Amino acid sequence: MSTDNPVLTVTDLEVHYGARRRRRQALNGVSLEVGRGEVVGLIGETGSGKSTFARAVLGLVPFSRGQVLIDGEDVTGHSQRKWRELRRRGVIQYVFQDPLRSLDPDATIEDSLVEPLLIRGDSRADAVARIRPLLSRVHLDDELLPRLPGELSGGQRQRVAVARALVTEPALIILDEPVSALDSANRVGVLEILKELRSAEVSLVFISHDLGSVAGVADRIAVMYQGQLVENGPARDVITAPQHVYTRLLIGSAPTLRSAAANRSERAALRALLHA
Amino acid sequence: MTRRVFALGTGRLAVGILVFIGLLAVLGPYLAPHDPLASSTTTLAGSSWKHWLGTDYLGRDVSSRLLAGSRTSVLGSVEVALVALVVGVVPGLLSVYLGRVFEWTSLRLADTLIALPFLVFAVAVTALLGNGITQAMLVVGVLVSPLFFRVSRAATLAVARSQYVEAALISGASIGWVVRRHVWVKVLPAIAVALAQTIGVGFIVVSSLSFLGIGVQPPAPTWGGLLASDLNYLHFQPYAPIAPAALIMATVWGCNLLADAIRDVSGENGRALVNTRKARANGARLLPVESRTG
């Protein structure tokens, strides 16, 4: 978990959407470093820029300022071709929020799992051999391979998506709200798998609007608010001693089994402070 | 895909019909018992051992004319469909991927083709390339191609913006890969339906063009041409149009059945359908497949 050879280094990233008068800033000077094997939780509300951050790092959204290093390679100003070469090496992978939409409904689970390997140029036989051991890592049965995504449960589908991200043995996986579309039982299952991945060599950026699901998995938590990174520190510190008002509000708003109504006035005070 | 089509009863029936029509097209001219162009004095005769389907207004043997005309008719309509397919589908797929200039140009070209007056264009091209069935069908094919262009473009657009295509791109897929692996399967059923429809239209067009002296020249028989001339002698031979009409209908029906079968078995629903039938045949108790939104 050293940071001297980071997997991802983002410096002063700025992203704008729209043109001319409708131009607005989605990311404002975001800097973040992800060490090898580190799990970083990226928290923020809808529209705070979490997904934009992920899409910019993946090269899906152009950024207007800043620098991005992926596994030591400077991808700032990469052409489409250079991006494709980088992606084919499978260094960085991405897991979407909704596995039903990110898996081709007409392709079998096996087809979806081997796809990144086939794109890379592996033979079908090699690719199939590689995905088998992965299935047990995400607690899936071999039987599911000839099925279609529509024939699986939501939790199984998301585990397939995680397995698909793992097939190229990436250095970094960005997971965009990987458990938000799942029911609580499946959510726990997928979170367990992510925890188990921590022992592997892979770094994770776990994007969520829900502090609760990130808290148990992440080594470090970064909080985004209105396109800016407002807090970034070890998970325990961020949860027990939040520095920024927004983080305190976020923690105060996390639903607990005990009624959350007790500290409603405290949250109202924090909200007033935030908007001031 | 082929195996799944054969798993459906309608798929087998469709292929059976089309194979029969295909055999007629290949062997028909050799099977004709009489010279299809030889006229005789026995005009408008009823069915007999010598003339199975009787004779027409010039005393020509109808069954021979049907058999001899099968090749021209089938080849003509297949040519229309293939030309339309190639001219329409390829730019339809590419218009989504090759950038704005190509997209705009191909769209305006398709609009222009739709707006072109059919007959004027056909006459102009036959004047340019010479009169013949191939040239005429080329014209028809090009004029029908906007249908294929629109259908394939619409299907491609729906897939191109999907998350699984984005997921493939994130893994470093090229446009060619995305089209082969993800787009083609979704576009195929729509194209199959358009293709079946076009083959049907082709039959009608082959005959209506011969009316105008474009394409097939009058003494040469086609199914559509037979139907047209039979209609003029309806009060002498009310049953005469039945034979050519039945052949045209069978072909169009076979194409439509096949298109339906392809649509039914493609995609998730199709697989479920075939699997369900198999399971039922094996006597399995069926549990509902989990809904896609689940």
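**Figure 1. Chain A comes in two domains.** Chain A is split into domain 1 (8-243) and domain 2 (244-276), with bounds that come from an automatic or database domain assignment. Keep in mind that this is a predicted model, where local features need pLDDT of at least 70, side-chain atom pairs count only at pLDDT 80 or more, and totals for chains, interfaces and linings use all residues. Residues are numbered from 1 along each chain as its sequence is written, while chains are lettered from A and ligands numbered from 1 in the order in which they are written. The centres of domain 1 and domain 2 of chain A, taken over C-alpha atoms, are 29 Å apart. Where the domains touch, 11 residues of domain 1 of chain A are in contact with seven residues of domain 2 of chain A; being in contact takes C-beta atoms, placed from the backbone, that lie within 7 Å. On the domain 1 side, α8 (211-215), β9 (220-225), β10 (228-234) and α9 (235-240) of chain A each supply at least two residues. That side of domain 1 divides into eight nonpolar, two polar and one charged residue. (Ala, Val, Leu, Ile, Met, Phe, Trp, Tyr, Cys and Pro count as nonpolar, Asp, Glu, Lys and Arg as charged, and the others, Gly among them, as polar.)

**Figure 2. Chain A as a whole.** Count through chain A and you get 11 helices and 10 strands; these are DSSP runs, helices being H or I with at least four residues and strands E with at least two, numbered from the N terminus. Chain A has a radius of gyration of 19 Å, close to the 19 Å that the globule rule gives for 276 residues, so it is as compact as a globular protein of that length. (The radius is taken over C-alpha atoms, and the rule is 2.2 Å times the number of residues to the power 0.38.) The C-alpha trace of chain A spans about 60 × 45 × 40 Å along its principal axes. Of the 276 residues in chain A, 44% are buried. Buried here means 20 or more other C-beta atoms within 10 Å of a residue's own, exposed means 12 or fewer, and partly exposed is in between, with C-beta atoms placed from the backbone. Among contacts in chain A between residues at least 6 apart in sequence, 67% join residues at least 24 apart.

**Figure 3. Where chain A meets chain B.** Each partner brings a set of residues to the contact: 21 from chain A and 21 from chain B. On the chain A side, α2 (80-88), α3 (99-102) and α4 (109-120) are the elements that give two or more residues. The chain A residues that touch chain B divide into nine nonpolar, four polar and eight charged. Look along α4(A) and you'll find buried residues, including Ile109(A), Leu113(A), Glu115(A) and Ile119(A). After α4(A) comes Gly121(A), with a positive phi near 115 degrees.

**Figure 4. Ile193(A) and its neighbours.** Ile193(A) sits in helix α7 (residues 184-197) of chain A. With 19 other C-beta atoms within 10 Å, Ile193(A) is partly exposed. Setting aside neighbours within four places in sequence, Ile193(A) is in contact with Val138(A), His139(A), Arg159(A) and Val162(A). One of these, His139(A), is found in the loop between α5 (124-137) and α6 (154-166) of chain A. His139(A) has a positive phi of about 55 degrees although it is not a glycine.

**Figure 5. Asp12(A) in its strand.** Asp12(A) belongs to strand β1 (residues 8-17) of chain A. It isn't a glycine, yet Asp12(A) has a positive phi of about 50 degrees. Asp12(A) is partly exposed, with 13 other C-beta atoms within 10 Å.

Figure 6. Chain B comes to 11 helices and zero strands. Of its 294 residues, 41% count as buried. Chain B averages a pLDDT of 80, and 88% of the residues score at least 70; pLDDT is the predictor's confidence in each residue, from 0 to 100. Among the elements of chain B, helix α11 (residues 267-281) has the lowest mean pLDDT (56) and helix α7 (residues 163-170) the highest (91). Over residues 285-294 of chain B, pLDDT stays under 50. Where pLDDT is low, the predicted coordinates should not be read in detail.

Notes. Two residues are in contact if their C-beta atoms, placed from the backbone, lie within 7 Å.
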